[in-house]
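Please find below some numbered remarks on the structure that you sent for comment.

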Amino acid sequence: RELLRIESLSAGVEDKTILKNINLTINYGEVHVIMGPNGSGKSTLANVLMNNPEYDVTEGHIFLDGEDITNLSTDKRARKGMFMSFQTPMEVSGITVENFIRTAKSTIEDKNISILKFKKELKKEMDRLDFDESYAGRYLNQGFSGGEMKKNEILQMLVLNPKLAILDETDSGLDVDATRVVSEGIGRYKSDDNAVVIITHHKELIRSVVPDFVHVIIDGEFVKEGDASLVDAIETKGFNWIREEVK
Ligand code: ADP
Ligand code: MG
Ligand code: MG
């Protein structure tokens with residue numbers, strides 16, 4: 001069953017084209033990994049999928065559950081079950097982690113959420129992520145370490161339970177233990193009723209899930225697709241052999 005389809009998508013900023021003719025189909029239950037050199041367009045793709053207004057789609061379409069969402073706003077995409085974890089999360093003063101996630105959840109689900117039930121769920125997930133409970137009452141990302149910000153992103157994913165999660169280098173800045181709990185969090189989230197797109201440079205992050213497809217993006221183009229073994233090949237050999245292959 002198809003969840004997301006990207007058709008001949010080109011996108012960029014102002015006069016600059018960043019993504020060129022991207023085609024991708026993601027079915028329910030699948031794990032897709034996207035790898036590529038720095039500056040190849042990975043974060044741009046994630047942002048375009050969420051309709052970050054900094055980027056313009058110049059060609060192509062995006063379909064979610066068969067519906068053309070190419071022109072749908074970010075908040076409407078979120079309500080339809082799309083979620084993105086930022087490579088560089090925002091700091092927000094005056095809003096606590098708990099309030100932020102509860103507000104997001106009640107907005108997305110379009111209903112009031114029992115505070116007690118929510119608190120319980122939040123605490124349970126924080127515990128599993130090895131994330132100190134006191135952070136629930138702290139302002140969003142303010143004074144958080146890189147690792148704490150990333151755990152907070154995964155906490156949001158687990159509590160909001162989107163049908164499509166896009167994780168942009170959620171392992172960057174994480175130590176070995178934090179990478180493991182984040183990976184396990186992705187494993188807990190993953191089900192037959194959702195799909196996840198994982199942008200990463202390392203295989204540690206995907207230890208708790210099995211990638212169905214690994215896509216390589218170079219200079220804004222998808223140039224190669226493979227299975228999980230491609231992650232190892234790239235970790236040991238880098239991207240130059242793929243550049244040679246593509247030539
Ligand atoms: P990656 O995530 O793969 O490292 P990005 O998607 O962040 O790559 O960037 C791809 C290219 O697009 C880079 O050359 C980057 O400088 C450029 N780019 C990305 N976002 C912007 C922007 N908002 N304005 C101008 N250039 C951008
Ligand atoms: Mg990036
Ligand atoms: Mg990125």
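1. Strand E6 (residues 82-85) pairs with strand E7 in the parallel sense, over four bridges; strands count as paired if DSSP finds at least two bridges between them. Helices (H or I, at least four residues) and strands (E, at least two) are DSSP runs, numbered from the N terminus. Phe 83 stands opposite Ala 165 in E7, and Met 84 has Ile 166 of E7 as its bridge partner.

2. The model is predicted: local features need pLDDT of at least 70 and side-chain atom pairs pLDDT 80 or more, whereas totals for chains, interfaces and linings use all residues. Residues are numbered from 1 along each chain as its sequence is written, and chains are lettered from A and ligands numbered from 1 in the order in which they are written.

3. E7 also pairs in the parallel sense with strand E8 (residues 195-199), here over five bridges. The partner of Ala 165 in E8 is Val 196. E7, helix H6 (residues 176-189) and E8 form a right-handed β-α-β unit (with the strands pointing away from the viewer, the path from the first strand over the helix to the second runs clockwise).

4. How are the residues of E7 (residues 164-168) placed? Five of its five residues are buried, that is, 20 or more other C-beta atoms, placed from the backbone, lie within 10 Å of their own. Leu 164, Ile 166 and Asp 168 point one way, and Ala 165 and Leu 167 the other. In a regular strand the side chains alternate between the two faces of the sheet.

5. The open sheet has six strands in the order E6-E7-E8-E3-E9-E10, with mixed pairing. E6 and strand E10 (221-226) are at the edges with a single partner strand each, so one side of each lacks a neighbour in the sheet. From one strand to the next, the twist averages 20°.

6. Helix H1 packs on this sheet, touching E3, E6, E7, E8 and E9, and its direction makes about 150° with that of E7. Contact requires C-beta atoms, placed from the backbone, within 7 Å; axes are lines fitted to C-alpha atoms, for helices over the stretch in contact, and angles run from 0 to 180 degrees between N-to-C directions. Helix H5 (residues 146-160) packs on the sheet too, touching E6 and E7.

7. H1 (residues 42-49) also supplies the largest share of the shell around ligand 1, three residues. Among the residues around ligand 1 are Gly 41, Lys 42, Ser 43 and Thr 44, where a residue counts if its C-beta atom, placed from the backbone, lies within 6 Å.

How values were computed. Buried ≥ 20, exposed ≤ 12 C-beta atoms within 10 Å, placed from the backbone. Contact = placed C-beta atoms within 7 Å.
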